[in-house]
Amino acid sequence: MSARHLCAPLLLVLGAAPVGAQDMAHHHAPAGTDAAAGAAPAAETFGPPAPADHAADAVWDPAAMARARRALTAEAGGMTQSMLLVDQLEWQPARGADAYRWEAKGWWGGDIDRVALETRGEGETGAPLDQGEVEVGWLHAIDPWFNVRAGVRQDFGKGPARTHAALTIEGLAPYWFDVEASLFVSNKGEVSARAEASYDQRLTQRLILQPRAELNAAASAVPARGLGSGPTSAELGLRLRYEIVREFAPYAGLAWERKLGGTARLARAAGEDSGGLRAVAGVRFWF
Amino acid sequence: MLDGRLNRRTMLRAGAGAALGGVLPGWAASPVQAMDRHGDGHGQAANAATATREVLSGARIALTIGQAPVRIGSQPGHAVTVNGTMPGPLIRLREGQDVVLAVTNTLDVDTSIHWHGLLVPFQYDGVPGISFPGIAPRQTFEYRFPVRQAGTYWYHSHSGMQEAMGLFGPIVIDPAGPEPVAFDREHVVMLSDWSAVHPHALLKRLKQMGGYYDRQKQTLAGLLAGRDQPLSERLDWGRMRMDPTDISDVTGSTYHYLVNGHDSAANWTGLFTPGERVRLRFVNASAMTNFNVRLPGLAMTVIQADGQDVEPVETDEFQIAVAETYDVIVTPQAANPVAIIAEAIDRSGLCRATLAPQPGLVAPMVPLRARPLLTMRDMGMGGMDMAGMDMAAGTLDLSAPPPAPAASAGHMDHGAMKMRDKSLAPPGMRLGPGVATISAAPVDRLADRPTGLEDADHRVLTYADLRARVPAADRRAPGRELEVHLTANMERYMWSFDGVKLSENPAPLAFREGERVRVTLVNDTMMPHPIHLHGHFFELVNGADDKAPRKHTVNVLPGGKASLDLTADARGDWAFHCHMLLHMHSGMFRVVTVRPA
């Protein structure tokens with residue numbers, strides 16, 4: 001492509017009018033950049049309206065320009081990104097059977113709207129999965145710090161399977177707390193809720209202590225799933241991780257878990273324990 | 001002994017660069033010891049041959065964009081090259097000539113070259129999607145324009161992230177008349193940052209975790225050792241979800257800092273004879289790094305900024321933001337090597353090069369200085385923190401509003417401050433998730449010492465020290481004022497002007513041809529932004545009246561303001577963006593259009 005052959009139309013389009021700058025030669029101090037803006041005789045507040053056309057279309061092939069404009073626009077803020085964070089993948093040694101647990105989150109999309117994936121679960125070695133859930137949804141940034149997530153959650157494991165509609169608010173609270181609150185409505189109309197908070201305390205650049213708290217509650221008892229009404233369980237964790245690289249950190253810590261209220265009574269009646277303190281060890285990784 | 005043009009050849013040497021495994025251009029190579037010992041006709045013939053190959057001059061210049069593997073530090077990487085080298089060849093022109101630059105693309109993707117700081121017709125400005133369609137694979141595009149200016153400039157790709165991968169090089173334009181300031185010898189000193197990680201991967205990590213590359217955060221160990229902020233300040237900053245160590249997005253944890261393609265170990269060396277006036281043409285071709293530059297023990301006289309002559313001003317250290325250029329004269333008297341230190345402003349790394357009286361000498365390395373912490377002034381509270389903060393001596397606010405009375409005494413009541421007061425946003429600013437903060441009381445920071453140099457115990461250049469050598473041609477008062485906010489959410493790694501990314505198709509900023517407009521840039525973020533307008537120079541409103549310095553790029557300090565007067569005299573559509581490449585690629589970019597009145 002040669003510019004020579006395409007220059008002529010531009011000159012016609014734009015004309016060759018000289019800059020009309022000489023009519024303001026008489027000025028008084030302060031002048032130059034020391035003068036206040038708007039001090040010129042023809043001061044105005046707003047500039048000209050933005051033209052709808054593109055200057056380069058008069059020089060180059062407008063179709064090629066349109067393609068280049070789309071590419072420029074897409075790459076200057078319009079790129080999609082993704083992340084999968086396996087926050088917990090851990091083993092909990094115990095007197096009886098050892099337990100395991102996972103919790104992972106992922107997203108794919110732009111700055112404001114993303115497809116979200118979340119999964120968590122736990123069980124004991126050598127036994128069927130105790131409980132697990134997978135949620136797929138839409139993640140939307142509502143302000144600088146918080147997102148809403150609307151999705152569908154499918155439960156697995158013991159008891160009758162449930163599908164829930166899920167609505168979550170998650171984000172970064174003042175003092176750098178990661179917080180999350182969710183409301184679930186199951187396909188049987190059962191309402192439950194979950195609240196979580198955690199904080200990353202840097203001991204050094206690579207050694208990070210993470211206290212974490214979680215509270216679950218149900219609006220009504222669901223005996224088939226071992227749930228009483230009101231608060232159903234609470235969990236406190238303290239995990240110390242070492243970031244070998246940012247994306248990969250082994251950790252060790254303590255997790256205290258307790259079933260509460262009617263949920264605890266149902267567990268005891270079924271011969272299960274209602275919780276306790278456990279040592280945990282695992283890895284956190286993301287990409 | 002010789003004039004600048006002849007002496008230039010003394011720095012041009014054949015031979016592969018140690019740092020880059022053979023992809024260094026001759027102009028950027030350090031002198032080879034054996035060759036320089038004789039400096040007679042034989043050596044000069046060899047150098048002249050190199051010069052013809054590596055320094056491109058004349059009416060027609062051919063550039064070929066390609067790629068090459070490179071190894072800097074321990075990791076192999078992949079560079080985009082010009083005529084096989086990174087940095088690209090030195091283009092040396094003369095004011096008043098016409099030039100044709102034929103750029104051939106041998107890559108499999110589109111490319112482009114933008115002539116940074118050169119006043120060219122818009123269709124040859126080299127921004128795909130604004131000035132022209134770009135250069136397709138296996139195509140040659142001819143840029144043709146008259147050379148209307150003199151000074152130190154540079155060129156770089158405006159396509160994808162090619163600039164961050166090495167597609168850049170220096171431009172030196174000799175004046176049509178005599179040089180206004182005499183010198184005996186000159187060296188181009190091109191600063192850059194290099195990571196073996198692809199720039200798209202850098203951006204992805206930052207989108208996933210805004211502080212990914214910051215390995216100098218505050219820690220509990222630091223608190224117990226009495227380092228950094230005391231607990232009360234940490235809590236104040238934590239409440240605001242602000243990190244005072246968030247100075248650079250991409251740091252020395254992945255970057256190698258280079259001078260003319262050499263890291264400290266490879267030690268780029270420029271020669272001098274004691275007593276000579278040596279002109280150093282500094283260009284910051286980094287993707288993401290502002291540098292503080294000093295030659296320990298040697299004063300520098302700044303004679304040009306962004307290619308435009310300024311009244312000579314002596315200093316000991318200056319900050320060079322991404323895309324800026326500074327020309328300085330140094331006069332080393334002793335026959336000892338002198339270090340050129342370019343230190344990243346977050347102090348996560350530096351590059352040492354050497355000015356030496358003979359090849360083979362290495363100037364002593366200096367330790368990194370302590371990482372600075374951002375202050376309330378960097379958070380846009382400069383108009384409030386008159387009593388509580390430790391401000392650098394000598395700073396003054398040229399256009400600062402009077403301090404807010406409620407906050408002017410003692411320590412700040414952070415709870416009373418609004419971090420995101422929507423009433424401070426101009427009409428048209430979009431206050432979505434991409435705008436985490438709005439500077440509550442931003443002050444003009446052109447006279448401030450830049451980040452990290454507030455307390456340096458030697459002279460530091462500020463923008464207020466710059467005075468144009470020749471008064472501005474256009475002395476009119478601006479007819480109107482345009483306020484543009486530099487906006488961000490650093491946690492989400494979103495960057496924009498007035499809260500709108502280029503990907504959201506904002507209307508261009510429109511100017512009437514010939515009108516003079518005061519543009520005030522308000523930095524609502526805690527990072528510096530080197531803002532570049534294509535196709536124009538503007539005068540910084542720094543109190544120098546008609547000697548206001550002319551620049552193509554202005555570094556707006558965190559939480560501060562900068563005003564510039566622009567005569568919109570170049571018809572067409574132009575790019576206007578932050579020159580931190582990942583900010584630009586996140587959307588901190590607008591089209592400026594200048595149309596007939």
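Visitor: Hi! What kind of model is this, and how are things numbered?
Guide: It is a predicted model, in which local features need pLDDT of at least 70, side-chain atom pairs count only at pLDDT 80 or more, and totals for chains, interfaces and linings use all residues. Residues are numbered from 1 along each chain as its sequence is written, while chains are lettered from A and ligands numbered from 1 in the order in which they are written.

Visitor: What is the mean pLDDT of chain A?
Guide: The mean is 88, and 86% of the residues of chain A reach 70 or more. pLDDT is the predictor's confidence in each residue, from 0 to 100.

Visitor: Where does it stay under 50?
Guide: Over residues 1-28 of chain A. Where pLDDT is low, the predicted coordinates should not be read in detail.

Visitor: How many helices and strands are there in chain A?
Guide: Chain A has three helices and 13 strands. Helices (H or I, at least four residues) and strands (E, at least two) are DSSP runs, numbered from the N terminus.

Visitor: And how much of chain A counts as buried?
Guide: Of its 287 residues, 24% do. Buried means that 20 or more other C-beta atoms lie within 10 Å of the residue's own, with C-beta atoms placed from the backbone.

Visitor: What does helix α4 of chain B pack against?
Guide: Its buried residues pack against β1 of chain A together with α7 (581-586) of chain B. Among those buried residues of α4(B) are B:Leu202, B:Leu203 and B:Leu206.

Visitor: Why is strand β8 of chain B largely enclosed?
Guide: Six of the six residues of β8(B), 151-156, are buried, so the strand is largely enclosed by the rest of the structure. B:Gly151, B:Tyr153 and B:Tyr155 point one way, and B:Thr152, B:Trp154 and B:His156 the other way.

Visitor: Which strands pair with it?
Guide: β6(B) pairs with β8(B) in the antiparallel sense over three bridges, and B:Trp115 stands opposite B:Tyr155. β9(B) also pairs with β8(B) in the antiparallel sense, over six bridges, and there B:Trp154 has B:Pro170 as its bridge partner. Two strands pair if DSSP finds at least two bridges between them.

Visitor: What about the five-stranded sheet in chain B?
Guide: That open sheet runs β24-β32-β31-β26-β29, with mixed pairing. β24 (509-512) and β29 (553-556) stand at the edges with a single partner strand each, so one side of each is left without a neighbour in the sheet.

Visitor: Last one: how many residues are in the largest nonpolar core?
Guide: It has 181 residues, and B:Phe282 is one of those with the most contacts inside it. Such a core is a set of buried Ala, Val, Leu, Ile, Met, Phe, Trp, Tyr and Cys residues joined through C-beta atoms within 7 Å. Strand β19 (residues 338-344) of chain B gives the most to this core, with six residues.

Notes: Two residues are in contact if their C-beta atoms, placed from the backbone, lie within 7 Å. A residue is buried if 20 or more other C-beta atoms lie within 10 Å of its own, exposed if 12 or fewer, and partly exposed in between; C-beta atoms are placed from the backbone.
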